[in-house]
Amino acid sequence: MTFDSARLLTKATSRAKSDVANKLVGMFLHELSRKLSSEIGMRVSDASYTQAVVGTFGSNCAYCERNLEADRAAVEHLDGMNRFRVGLHIVGNVVMSCKRCNNQKRGDDSRVHLPLERSGWESYLAHDGSRCEPGCKTCLYWEGIWSERETRVRKMFLARERITAFRAQFSKAILCGERARNNHKASVEALYRDGQNFASNSIKKTVSAALIDILCNAGVRPKNVD
Ligand SMILES: [Zn+2]
Ligand SMILES: [Zn+2]
(Lines give C-alpha, C1' and ligand atoms only; values in the text may rest on other atoms or scores of the structure.)
(Ligands and ions follow the chains in the order given, each with its own letter.)
Protein backbone atom coordinates (compact mmCIF):
# COMPACT_ATOMS: atom_id res chain seq x y z
CA MET A 1 0.00 0.00 0.00
CA THR A 2 1.30 3.46 -0.80
CA PHE A 3 1.65 5.99 1.97
CA ASP A 4 -1.42 8.22 2.28
CA SER A 5 0.18 11.67 2.20
CA ALA A 6 -3.09 13.31 1.20
CA ARG A 7 -4.84 12.16 4.38
CA LEU A 8 -2.06 13.53 6.61
CA LEU A 9 -2.00 16.83 4.73
CA THR A 10 -5.76 17.22 5.18
CA LYS A 11 -5.59 16.38 8.88
CA ALA A 12 -2.76 18.84 9.59
CA THR A 13 -4.93 21.72 8.41
CA SER A 14 -7.79 20.99 10.84
CA ARG A 15 -5.67 20.21 13.92
CA ALA A 16 -4.41 23.71 14.81
CA LYS A 17 -7.59 24.90 16.57
CA SER A 18 -7.91 21.94 18.93
CA ASP A 19 -4.19 22.19 19.77
CA VAL A 20 -4.79 25.69 21.14
CA ALA A 21 -7.82 24.53 23.14
CA ASN A 22 -6.00 21.48 24.52
CA LYS A 23 -3.11 23.69 25.54
CA LEU A 24 -5.53 25.95 27.44
CA VAL A 25 -7.02 22.95 29.27
CA GLY A 26 -3.50 21.80 30.17
CA MET A 27 -2.62 25.27 31.48
CA PHE A 28 -5.79 25.35 33.57
CA LEU A 29 -5.15 21.90 35.05
CA HIS A 30 -1.54 22.80 35.87
CA GLU A 31 -2.51 26.07 37.52
CA LEU A 32 -5.25 24.39 39.58
CA SER A 33 -2.74 21.69 40.54
CA ARG A 34 -0.20 24.29 41.64
CA LYS A 35 -2.71 26.00 43.94
CA LEU A 36 -4.06 22.73 45.32
CA SER A 37 -0.55 21.41 46.02
CA SER A 38 0.23 24.55 47.93
CA GLU A 39 -2.97 24.23 50.00
CA ILE A 40 -2.43 20.52 50.65
CA GLY A 41 1.16 21.26 51.66
CA MET A 42 2.84 18.70 49.43
CA ARG A 43 4.16 18.94 45.89
CA VAL A 44 5.06 16.30 43.33
CA SER A 45 8.63 17.67 43.38
CA ASP A 46 9.01 17.29 47.18
CA ALA A 47 11.63 14.73 48.22
CA SER A 48 9.07 12.99 50.44
CA TYR A 49 6.89 12.38 47.38
CA THR A 50 9.62 11.33 44.97
CA GLN A 51 10.88 8.94 47.66
CA ALA A 52 7.38 7.50 48.03
CA VAL A 53 7.23 6.88 44.25
CA VAL A 54 10.63 5.18 44.24
CA GLY A 55 9.76 3.27 47.43
CA THR A 56 6.70 1.74 45.78
CA PHE A 57 7.73 1.30 42.15
CA GLY A 58 11.54 1.29 42.34
CA SER A 59 12.95 2.20 38.94
CA ASN A 60 10.21 0.31 37.10
CA CYS A 61 7.20 1.32 35.03
CA ALA A 62 4.18 1.63 37.38
CA TYR A 63 2.12 -0.43 34.92
CA CYS A 64 4.22 -3.06 33.16
CA GLU A 65 7.21 -3.22 35.58
CA ARG A 66 9.71 -2.83 32.75
CA ASN A 67 12.91 -1.26 33.98
CA LEU A 68 12.90 2.45 33.27
CA GLU A 69 16.63 2.56 32.67
CA ALA A 70 16.32 0.02 29.88
CA ASP A 71 13.48 2.01 28.32
CA ARG A 72 12.68 5.64 27.88
CA ALA A 73 10.72 6.97 30.86
CA ALA A 74 7.74 9.31 31.08
CA VAL A 75 6.15 11.30 33.88
CA GLU A 76 2.76 9.62 33.99
CA HIS A 77 -0.56 10.99 35.23
CA LEU A 78 -2.81 8.15 36.39
CA ASP A 79 -5.85 10.31 35.65
CA GLY A 80 -4.72 11.86 32.38
CA MET A 81 -4.38 15.65 32.18
CA ASN A 82 -6.90 16.29 29.44
CA ARG A 83 -10.49 17.40 29.10
CA PHE A 84 -11.83 13.85 29.21
CA ARG A 85 -10.08 12.69 32.39
CA VAL A 86 -9.49 16.05 34.17
CA GLY A 87 -6.38 14.67 35.90
CA LEU A 88 -4.17 16.87 38.08
CA HIS A 89 -0.44 17.23 38.63
CA ILE A 90 -0.74 16.53 42.35
CA VAL A 91 0.63 13.91 44.72
CA GLY A 92 -0.96 10.51 44.31
CA ASN A 93 -1.72 11.09 40.62
CA VAL A 94 1.84 11.28 39.31
CA VAL A 95 4.08 8.23 38.87
CA MET A 96 6.70 7.08 36.35
CA SER A 97 5.99 4.82 33.41
CA CYS A 98 7.76 3.56 30.32
CA LYS A 99 7.16 5.56 27.14
CA ARG A 100 5.33 2.66 25.57
CA CYS A 101 2.72 2.41 28.36
CA ASN A 102 2.45 6.20 28.41
CA ASN A 103 1.63 6.15 24.69
CA GLN A 104 -0.63 3.13 24.84
CA LYS A 105 -2.71 4.50 27.72
CA ARG A 106 -3.69 7.48 25.57
CA GLY A 107 -6.09 5.14 23.82
CA ASP A 108 -8.20 5.00 26.98
CA ASP A 109 -7.41 8.52 28.18
CA SER A 110 -8.69 10.16 25.02
CA ARG A 111 -12.11 8.49 25.05
CA VAL A 112 -15.20 10.39 26.14
CA HIS A 113 -16.51 7.30 27.91
CA LEU A 114 -14.07 4.77 29.32
CA PRO A 115 -14.60 1.28 27.98
CA LEU A 116 -13.85 -0.79 31.07
CA GLU A 117 -13.45 1.09 34.35
CA ARG A 118 -14.22 4.37 36.03
CA SER A 119 -10.75 5.90 35.64
CA GLY A 120 -8.20 5.96 32.83
CA TRP A 121 -5.48 4.06 34.67
CA GLU A 122 -7.84 1.37 35.96
CA SER A 123 -9.30 0.99 32.50
CA TYR A 124 -5.80 0.71 31.02
CA LEU A 125 -4.99 -2.09 33.47
CA ALA A 126 -8.21 -3.95 32.64
CA HIS A 127 -7.28 -4.83 29.03
CA ASP A 128 -6.31 -8.37 29.94
CA GLY A 129 -7.90 -9.87 26.84
CA SER A 130 -11.10 -11.06 28.50
CA ARG A 131 -13.33 -7.99 28.30
CA CYS A 132 -12.78 -6.34 24.92
CA GLU A 133 -13.71 -7.15 21.36
CA PRO A 134 -11.08 -9.32 19.62
CA GLY A 135 -8.41 -7.14 18.05
CA CYS A 136 -8.41 -4.47 20.81
CA LYS A 137 -5.01 -2.78 20.38
CA THR A 138 -4.47 -2.28 24.11
CA CYS A 139 -5.26 -5.93 24.86
CA LEU A 140 -2.78 -6.95 22.16
CA TYR A 141 -0.18 -4.64 23.68
CA TRP A 142 -0.50 -6.38 27.08
CA GLU A 143 -0.42 -9.77 25.40
CA GLY A 144 2.89 -8.74 23.91
CA ILE A 145 4.29 -8.13 27.40
CA TRP A 146 2.94 -11.25 29.14
CA SER A 147 1.84 -13.73 26.53
CA GLU A 148 0.68 -16.33 29.06
CA ARG A 149 -2.88 -15.42 30.03
CA GLU A 150 -2.77 -16.35 33.71
CA THR A 151 0.46 -14.43 34.28
CA ARG A 152 -0.93 -11.43 32.42
CA VAL A 153 -4.15 -11.30 34.46
CA ARG A 154 -2.22 -11.67 37.73
CA LYS A 155 0.42 -9.08 36.85
CA MET A 156 -2.14 -6.52 35.75
CA PHE A 157 -4.19 -7.13 38.89
CA LEU A 158 -1.07 -6.68 41.05
CA ALA A 159 -0.16 -3.45 39.28
CA ARG A 160 -3.61 -2.15 40.05
CA GLU A 161 -3.35 -3.17 43.72
CA ARG A 162 0.07 -1.55 44.00
CA ILE A 163 -1.17 1.74 42.56
CA THR A 164 -4.29 1.69 44.76
CA ALA A 165 -2.15 1.18 47.90
CA PHE A 166 0.22 3.91 46.75
CA ARG A 167 -2.62 6.39 46.28
CA ALA A 168 -4.08 5.60 49.70
CA GLN A 169 -1.12 7.45 51.25
CA PHE A 170 -2.37 10.69 49.70
CA SER A 171 -6.06 10.56 50.51
CA LYS A 172 -6.59 14.35 50.69
CA ALA A 173 -5.10 14.85 47.23
CA ILE A 174 -7.07 11.91 45.84
CA LEU A 175 -10.29 13.45 47.19
CA CYS A 176 -9.38 16.74 45.48
CA GLY A 177 -8.78 14.90 42.22
CA GLU A 178 -12.12 13.10 42.42
CA ARG A 179 -13.97 16.30 43.11
CA ALA A 180 -12.29 18.02 40.16
CA ARG A 181 -13.19 15.12 37.89
CA ASN A 182 -16.77 14.70 39.07
CA ASN A 183 -17.83 18.30 39.55
CA HIS A 184 -15.71 20.51 37.32
CA LYS A 185 -15.56 18.68 34.04
CA ALA A 186 -18.18 20.99 32.53
CA SER A 187 -16.07 24.08 33.17
CA VAL A 188 -13.07 22.37 31.56
CA GLU A 189 -15.25 21.56 28.54
CA ALA A 190 -16.38 25.20 28.42
CA LEU A 191 -12.76 26.37 28.52
CA TYR A 192 -11.99 24.01 25.64
CA ARG A 193 -14.89 25.36 23.56
CA ASP A 194 -14.01 28.98 24.36
CA GLY A 195 -10.44 28.28 23.32
CA GLN A 196 -11.55 26.86 20.00
CA ASN A 197 -13.93 29.77 19.35
CA PHE A 198 -11.31 32.32 20.31
CA ALA A 199 -8.81 30.70 17.95
CA SER A 200 -11.31 30.63 15.05
CA ASN A 201 -12.60 34.16 15.50
CA SER A 202 -9.36 35.96 16.12
CA ILE A 203 -7.59 34.11 13.33
CA LYS A 204 -10.43 34.95 10.93
CA LYS A 205 -10.27 38.64 11.88
CA THR A 206 -6.50 38.85 11.62
CA VAL A 207 -6.45 36.94 8.34
CA SER A 208 -8.98 39.32 6.75
CA ALA A 209 -6.85 42.29 7.68
CA ALA A 210 -3.64 40.75 6.38
CA LEU A 211 -5.11 39.17 3.27
CA ILE A 212 -6.06 42.31 1.35
CA ASP A 213 -2.77 43.99 2.06
CA ILE A 214 -0.73 40.97 0.99
CA LEU A 215 -2.77 40.36 -2.18
CA CYS A 216 -2.77 43.99 -3.24
CA ASN A 217 0.98 44.12 -2.76
CA ALA A 218 1.29 41.07 -5.03
CA GLY A 219 -1.02 42.61 -7.63
CA VAL A 220 -3.71 39.93 -7.13
CA ARG A 221 -7.35 41.04 -7.01
CA PRO A 222 -9.05 39.49 -3.89
CA LYS A 223 -11.87 37.09 -4.80
CA ASN A 224 -13.24 35.89 -1.44
CA VAL A 225 -12.78 38.59 1.16
CA ASP A 226 -15.33 38.69 4.05
ZN1 LIG B 1 5.20 0.19 30.96
ZN1 LIG C 1 -8.83 -4.18 25.37
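The model is a predicted one. Four cysteines, C61, C64, C98 and C101, hold the zinc ion (ligand 1), and the largest pocket has a volume of about 450 Å³.

**The zinc site**
- Each of the protein donors is an SG atom, from C61, C64, C98 and C101, and they lie 2.3 Å from the zinc ion (ligand 1).
- The arrangement is tetrahedral because the 4 donor atoms subtend angles of 104 to 115°.
- Along the sequence, the donor residues follow the spacing C-x2-C-x33-C-x2-C.
- Distant parts of the chain are linked here: C61 sits in the loop between α2 (47–57) and β1 (73–77), while C98 belongs to strand β2 (residues 94–98), 37 residues apart.
- Buried means under 20% relative accessible area, so C61 counts as buried at 1%, and C98 counts as buried at 0%.

**The largest pocket**
- Of its 17 lining residues, the closest to the centre are G80, M81, N82, R106 and D109.
- At least two lining residues come from each of α1 (5–40), β1 and α3 (99–109).
- If you sort the lining by class, you find 4 nonpolar, 8 polar and 5 charged residues.

**The second largest pocket**
- This pocket has a volume of about 150 Å³, and its lining includes D79, R118, W121, E122 and R167.
- Helices α4 (120–124), α6 (149–168) and α7 (171–183) each supply at least two lining residues, with the largest share, 4 residues, coming from α7.
- Its lining splits into 3 nonpolar, 3 polar and 6 charged residues.

Terms used: Residues are numbered from 1 along each chain as its sequence is written. Chains are lettered from A and ligands numbered from 1 in the order in which they are written. This is a predicted model: local features need pLDDT of at least 70, side-chain atom pairs count only at pLDDT 80 or more; totals for chains, interfaces and linings use all residues. Side-chain values use heavy atoms; hydrogens and water are left out. Donors are N, O and S atoms within 2.8 Å of the metal (3.2 Å for Na, K and Ca); water is not among the atoms, so sites may look incomplete. Four donors count as tetrahedral if all angles lie between 85 and 135 degrees; four count as square planar and six as octahedral if opposite donors are over 155 degrees apart and all others between 65 and 115; anything else is irregular. Buried means under 20% relative accessible area, exposed over 50%, partly exposed in between (1.4 Å probe, protein chains only). On a 1 Å grid over the protein atoms alone, a cavity is a set of points where a 1.4 Å probe fits but cannot get out, and a pocket is an open set with protein on both sides within 12 Å along at least five of seven lines; lining residues have an atom within 4 Å of a point. Grid points are joined across faces, edges and corners, and a volume is the space filled by probe spheres set on the points. Ala, Val, Leu, Ile, Met, Phe, Trp, Tyr, Cys and Pro count as nonpolar, Asp, Glu, Lys and Arg as charged, and the others, Gly among them, as polar.
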